[in-house]
Amino acid sequence: FENELTGTIPSQIGMLSNLDILWLDSNQFNGTIPSDIGNIDNARKVYLWDNLLTGTIPSQVGLLSKFGRLKKLWFHRNSLNGTIPTQIGMLTSLESMLLYSNDLTGTIPSQIGQLSNLLWIFLNNNNLSGTIPAEIRNMDEWKIINLHYNSLTGMIPSDFGNVDDLERLNLAGNELFGSIPLSFCKMDPYPKIAVDCKNVTCFCCGCDEHTPPTASSFPSMSPSLSDQPSLTHIPSLLPSTSQTPTLIVVITIEIQLDEYPLDTGWKIIDQNDDIIDEILPGNYSAAKTVVNEQISLISGLNFTFQLLDSHGDGLFGHVTIYL
């Protein structure tokens, strides 16, 4: 990742059946996503974001569910078109799906409601239409729901999200109407919510009056925070249509292993104690070596890194990461 690789992604990549992470983001790959990607069915993370990819998302992505290990599917900031394949509902272990800033059309497939472990869904800045499917609004594990700047229509469901840990909800830049459930505003703290206040009633929301944000609204020194006056109390919600802010932060953690590497593991948890990423003891085997783990996190949130020692006679502890 973060090189200047060009050309297409070779179909032979599907031969890497034991691959743990496919990390090709932030390059200049073009062409389509090969359907053979479905053969990488042991992967935990598939990162293709920030390239020049075109064409549709192949239905074969559903095959990535074979061993139930896939946690992150990040295809954002490309030029992908067509509809979101219904087979994406097969990825029941998925925790975050980032498809924003593409040219996706059609409706939000109801099969996404089958992703019971999904915490983050970013579908913003596409051309999606239709209503918010009932199967999505009834999920109760959501933390971040970004559907802004599409062509969604209809009434915002009154029972939208029986969610206890919601952190961000952005529905702005659509043709939705109705009201945001008052229960969201009674949460402590209440989530950061952005809507179109001309059409939507909300007592704890920021307003987007369909005024296209400009690049000057998002200073380069802080690309993930919006300084738009009408949204000063809800940062990180409305990306510029001319300059999409980077919401992903890649960190590198260096771990010095001792003579008992099998005892060592780690995990990263968010402020609600949900596990974002982890490697459990038993996975490191090379004694007295240094390993570097690169982890992608969403900016604007706090995370805790915990170092684990299964035997209990070594160093262990934790550190808080502020992004």
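I started with the secondary structure of this predicted model: the chain has 2 helices and 21 strands. I then looked up burial and found that buried residues are 50% of the 323 in the chain. For contacts between residues at least 6 apart in sequence, I noted that 55% join residues at least 24 apart. The accessible surface is about 14200 Å², and carbon and sulfur atoms hold 50% of that.

Next I went to the salt bridges, and the count is 5. I looked at Arg-44, which pairs with Asp-20 at 2.9 Å between the closest N and O atoms. Arg-44 sits in the loop between strands S1 (21-23) and S2 (45-47) and Asp-20 in the segment before S1, so this pair ties together parts 24 residues apart in sequence. I noted Arg-44 as buried, at 13% relative accessibility, and Asp-20 as partly exposed, at 28%.

Asp-20 also meets Arg-69 in a salt bridge, 3.3 Å from N to O. Arg-69 is in the loop between S2 and strand S3 (72-74), so here the tied parts are 49 residues apart in sequence. I have Arg-69 as partly exposed, at 27%.

I then checked Lys-66 and Asp-41, a salt bridge with the closest N and O atoms 3.9 Å apart. Lys-66 lies in the S2-S3 loop and Asp-41 in the S1-S2 loop, 25 residues apart. Lys-66 is exposed at 58%, whereas Asp-41 is buried at 11%. I recorded one network of shared partners: Asp-20, Arg-44 and Arg-69.

Last, I looked at surface charge. Asp-140, Glu-141, Asp-164 and Asp-165 form a negative patch. I placed Asp-140 in the loop between helix H1 (134-137) and strand S9 (144-146), partly exposed at 44%.

Technical notes. Residues are numbered from 1 along each chain as its sequence is written. This is a predicted model: local features need pLDDT of at least 70, side-chain atom pairs count only at pLDDT 80 or more; totals for chains, interfaces and linings use all residues. Side-chain values use heavy atoms; hydrogens and water are left out. Helices (H or I, at least four residues) and strands (E, at least two) are DSSP runs, numbered from the N terminus. Buried means under 20% relative accessible area, exposed over 50%, partly exposed in between (1.4 Å probe, protein chains only). Contact means heavy atoms within 4.5 Å. Accessible areas come from the Shrake-Rupley method with a 1.4 Å probe; for residues, only the protein chains shown count as cover. Patches are made of residues with over 30% relative accessible area and no salt bridge: like charges are joined within 9 Å, nonpolar side chains (Val, Leu, Ile, Met, Phe, Trp, Tyr) within 5 Å. A salt bridge is a side-chain nitrogen of Lys or Arg within 4 Å of a carboxyl oxygen of Asp or Glu. Lys and Arg count as positive and Asp and Glu as negative; His and the chain ends are not counted. The place of a charge is taken as NZ of Lys, CZ of Arg, CG of Asp or CD of Glu.
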